[in-house]
Structure formats: structure tokens, C-alpha cells
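Good morning, and thank you for the time.

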Amino acid sequence: MAASSQPSVPLLHAPAAQTQPAREWHVALIGPRLVHDARLRRHLGGEYQLGIHDRAREALAAMEDVSADVVIVEQVLLDGRGVDFLRELRTRHPDTIRLLVLDNADTQVVQHAINDAAVYQVVITPWQPEQLHLLVRRALESRELARIHRYLSRELKFADGVVNRQNETMRNVLQEVYAFDRLVFASTAMAEVCNLARKAAHTDLPVLIEGETGTGKELMARAIHLFSQRHKLLFMAENCGAISDDLLQSELFGHKRGAFTGATTDRLGLFLAADGGTVFLDEISEISPSMQVSLLRFLQEGEIRALGSDQTKRSNVRIIAASNRPLKALVAEGKFRQDLYYRLRGFELRMPPLRERPEDIPALVIHMLDKYAGLVSRRIAGITPDAMARLSAYAFPGNVRELENEVRRVIALAEDGEFITVRHLSPEVACTAVPSTRGPDLLSIVPGGSLKKKVEALEARLVCDTLDRCHWNHSKAARELGLSRVGLANKIRRYKILRAGNEAGL
């Protein structure tokens with residue numbers, strides 16, 4: 001109940017003359033002076049549902065039924081201290097905004113109010129009703145903004161999580177279906193190799209990659225590393241056939257200062273430097289018998305002893321080895337240790353040469369055209385079917401590396417916005433005999449793939465094919481295409497179409 005001279009008023013509505021909408025916020029005034037301040041009650045009651053109490057326990061009981069959004073309490077109450085009430089209120093109703101009214105700026109009371117009761121604001125006497133009214137409005141606005149911020153943060157976090165999961169799923173699908181890391185392929189042969197490589201990537205077994213020079217053995221090794229659990233650690237490569245045996249021993253196992261002539265400082269070695277990661281040993285078939293013994297011991301025991309050192313250290317690296325010669329044949333000839341061969345071939349992958357997978361050539365060509373044309377800021381409109389057919393028919397003894405050099409050459413020769421034709425190809429490729437079967441669909445070999453580019457590429461193909469079929473008789477080709485001779489000439493100039501073997505143009 002309220003003070004003995006006046007009953008408690010748990011709820012005070014705005015005057016009838018004010019046509020306000022239904023009340024939403026609840027404000028509680030607690031303390032003798034606040035309860036009897038008619039101006040304050042009039043200010044707040046016109047905008048909020050108002051509860052007034054002159055005792056703390058009475059206010060707590062009332063708030064069990066109707067919780068207050070804002071509580072304004074005096075420090076001196078009839079049944080205790082305001083800061084003690086607010087401390088208890090913080091536990092029971094943590095979402096309620098708490099304001100404390102003090103007669104003076106008592107430092108200790110203010111400190112308790114801030115630390116123990118977590119009050120929103122301390123108001124020092126004298127105060128004005130307008131001041132408290134504005135303070136309540138700002139407090140409710142701040143709370144609402146904080147609620148909206150929390151809601152939006154949760155929604156954005158959820159949406160961001162959904163987008164990230166969708167992007168990650170899409171990345172995984174693209175990785176699984178179209179490429180194994182940076183390997184571009186369309187053939188069944190490469191798909192089978194990559195499927196086995198994916199399985200190998202999830203283990204710690206050594207991997208032996210065999211294949212001709214230029215088939216992409218190091219790219220495959222990097223892909224296996226990037227798909228493995230070691231992907232956050234180092235991938236280090238060493239060409240075993242490019243350096244002497246002593247230098248290779250130092251490169252892999254390290255050395256101490258003074259171990260040999262020229263060893264002026266200590267060297268860690270790849271096996272220790274890449275501890276936890278992956279070491280790629282290219283041209284493993286070229287290492288000497290003594291080096292084979294050292295490598296075998298490391299694979300068996302994981303132990304390393306640097307040149308010139310009497311200390312043995314351990315390293316946990318994954319070995320991926322590569323060879324352009326079949327190690328099994330070298331074992332049969334007695335040129336490679338059989339036990340090392342079996343240690344290296346935890347998984348054995350054979351990279352097929354490009355001549356065994358000609359269906360990969362169009363995909364590789366388009367990928368390389370996009371990549372290298374972008375590097376030199378040159379736009380390539382597309383590639384003619386005849387040029388693509390000759391590229392696909394060429395044996396490429398240098399494999400993907402030779403194809404890459406061929407593509408970079410044609411980009412250097414082509415003008416900006418021009419189609420790649422037979423005249424851009426190197427003489428060896430341009431003279432390649434093309435099978436009579438229909439070449440790849442030009443719609444699938446236009447870099448970029450926009451509708452405009454595909455339409456232009458298709459039109460250029462039709463004009464080119466018709467001219468070839470008509471043996472470059474312009475009148476006959478124009479009639480077949482439904483064009484005038486002038487219209488056909490414009491098409492030829494627009495697409496820079498040249499007759500095979502004619503370097504001078506029309």
C-alpha cells in the first residue's frame with residue numbers, strides 16, 4: 001500500500017481529454033516525493049502507463065504481475081534504500097531500465113549504483129519533470145535500438161551463415177565435378193586419376209606420380225596437398241635431377257656449418273623446414289644409390305641427421321614423389337631400390353599424356369586463352385573450329401607445357417578482339433591432319449560465354465564453313481548465306497576471317 005495519507009495507485013491513465021493510442025510502455029515511480037509530484041505524473045502519464053508506489057516491496061509485488069519497462073526510484077524510501085531495491089530488481093527483472101534519484105552526489109552511493117545495480121542514469125536533486133520525461137524517452141529509445149540491433153545481428157549472422165554454407169557447398173561441388181584444384185580436364189582418363197588422387201589426399205601415405213614431362217605432375221602434387229589435412233602447412237618442392245648428390249643431401253636433410261667446403265652457415269633442410277607439411281620430390285628416379293638409402297631410412301623412421309651433425313631429429317612430412325620414367329622398370333633393371341619403390345608407392349598415380357586424352361585439349365585451350373589473354377589485357381573473340389580441330393589432332397609431345405606455350409604464342413600474334421584461326425598456329429600444329437569427324441561445337445569454345453559472343457562466334461563459324469565449302473567463291477557463298485557480296489565482305493572483315501594458308505588476307 002502507499003503512504004498512510006494516500007492509497008497506492010498501481011496504474012494511472014492519461015487524462016480523458018488526450019486521445020492517445022493504447023499504452024505500450026510501463027513506467028514505475030517509487031518513493032514519496034516522486035509519487036506526490038503531480039507535474040511529473042502528468043508528464044509521464046500522458047505518454048506511458050504509469051505505476052506509482054512509495055514502498056520498495058510494494059513495487060516488487062506489483063511488478064510480478066505487470067513488469068515495468070522503466071523504474072525511477074528515490075534513494076531514501078520508507079522501507080529501505082533505493083540502491084538495494086535496484087540491486088534486487090536487477091536480478092528479478094534484468095531487462096528493466098533502472099534510474100536512481102539522489103539528494104546529493106554521494107560518491108559511494110553512485111559507485112554502488114553503477115557497479116551493483118547497473119543503473120542506466122543517476123539523477124541528482126534538484127531535477128525537473130521535463131528532465132525525467134526526456135530521460136525516460138531516451139532510455140526506452142536506447143533499449144529499443146539495442147533490441148533491434150540484437151535482432152538484426154542474429155538475422156545477419158544467420159543469413160551470412162546460410163550464404164557461406166551455400167558458397168562452400170558450391171565450391172565443393174565445383175571442385176569435385178569440374179576440377180581437382182587447378183587441373184583442368186574433361187576426359188575420363190583424367191577423371192579417374194583425380195578420383196584416386198582425392199582418396200590419396202585424405203591419407204598420410206606417400207604418393208608416387210609417374211608421367212611424361214609436362215603432364216602436370218607438380219600441379220597434381222599441389223592439389224593433393226591442398227585437399228589434405230596438411231593444407232595449412234608448407235608445401236615444398238625439390239627437383240632431384242637438377243643438383244648433385246651432396247647438394248641434394250644438404251637440401252633435404254640440412255647441414256652444419258663447416259660440414260663441407262662452402263658450408264658457412266647452418267642449413268635446416270626441407271624435411272625439417274616443412275615439418276607437418278608436404279615435400280614434393282620431382283625426378284626421384286635420378287637420385288643416387290646412397291641417396292636412395294638415406295631417403296629410405298627417413299621414410300621408415302622419420303629420422304634426420306644433418307651433414308656434419310651427430311644429433312638425430314625427427315620430422316613428420318608427407319612425401320610425394322614424381323618420375324618421368326617408370327620406377328618399376330628401373331627396379332627390374334637394378335637401377336632403383338625395390339624397397340624404396342614400395343615405400344614411395346603408397347598411392348601410385350599415372351598422369352596420361354595429352355595425346356591419350358585429346359578431349360581435354362578444348363577445355364585446356366579455353367582456360368589458357370582466358371588466363372593469358374587477361375594477363376596481357378587482350379580480348380580474344382573466340383577460336384575457329386578449324387584451329388581447334390588442328391590443336392586437338394596434334395600429338396603435343398611436350399604435353400600440357402607445350403600446349404601452354406602454343407596458346408601464349410597465338411595470343412601474342414592475335415589482334416585485340418580477333419578470332420584465333422589456323423594462321424595464328426605454329427607451323428607444326430597448323431599442318432596437322434584433321435580427322436573428318438565434326439569438330440567441337442563452337443558454342444562451347446567461346447571464352448566468356450555471353451550470349452553476344454556465342455552469337456558472333458556461331459555467325460563467324462557459319463561464314464567460315466560456307467566459304468570453305470564453296471572453295472572461297474564469294475558469289476556462291478553469298479547466295480547460300482542469303483547475303484549480298486558486299487554483306488559477305490563486311491562479315492569477313494568484321495570477323496577477320498582468312499583463308500587457310502593465306503597470310504596476306506583477302
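Arg143 is partly exposed, with a relative accessible area of 24%; partly exposed covers the range between buried, under 20%, and exposed, over 50%, computed with a 1.4 Å probe on protein chains only. Before I go on, please note that this is a predicted model, in which local features need pLDDT of at least 70, side-chain atom pairs count only at pLDDT 80 or more, and totals for chains, interfaces and linings use all residues. Residues are numbered from 1 along each chain as its sequence is written, and side-chain values use heavy atoms, with hydrogens and water left out.

What does Arg143 pair with? Its side chain meets that of Asp69 in a salt bridge, at 2.7 Å from N to O. By salt bridge I mean a side-chain nitrogen of Lys or Arg within 4 Å of a carboxyl oxygen of Asp or Glu. This pair links distant parts of the chain, 74 residues apart: Arg143 belongs to helix H6, whereas Asp69 sits in the loop between helix H3 (56-65) and strand E4 (70-74). Helices (H or I, at least four residues) and strands (E, at least two) are DSSP runs, numbered from the N terminus. Asp69, at 12% relative accessibility, counts as buried.

Arg137 and Glu47 meet through their side chains in a salt bridge of 2.9 Å, N to O.

Arg325 is partly exposed at 34%, as is Glu286 at 41%.

How many salt bridges does a search of the whole structure find? The count is 29. Among the residues involved, Arg33, Glu74 and Asp103 are linked in a network.

On a 1 Å grid over the protein atoms alone, a cavity is a set of points where a 1.4 Å probe fits but cannot get out; a pocket is an open set with protein on both sides within 12 Å along at least five of seven lines; and lining residues have an atom within 4 Å of a point. Grid points are joined across faces, edges and corners, and a volume is the space filled by probe spheres set on the points.

The largest pocket holds about 630 Å³ of space. Its lining comprises 24 residues, and those closest to its centre are Gly214, Gly216, Leu219, Val400 and Glu404. Two or more lining residues come from each of strand E10 (183-184), helix H8 (217-226), helix H14 (360-375) and helix H16 (399-413). Helix H14 gives the most, with five residues. By class, this lining has nine nonpolar, five polar and ten charged residues. Ala, Val, Leu, Ile, Met, Phe, Trp, Tyr, Cys and Pro count as nonpolar, Asp, Glu, Lys and Arg as charged, and the others, Gly among them, as polar.

The search also finds two cavities of 30 Å³ or more. The largest cavity has a volume of about 60 Å³. Eleven residues line this cavity, and the closest to its centre are Thr384, Phe419, Ala460, Arg461 and Cys464. Helix H18 (residues 451-469) gives the most to this lining, four residues. Nine of the lining residues are nonpolar, one is polar and one is charged.

The second largest cavity has a volume of about 40 Å³. Helices H14 and H16 each give two or more residues to its lining, and the largest share, three residues, comes from H16. This lining has eight nonpolar residues, no polar ones and one charged.
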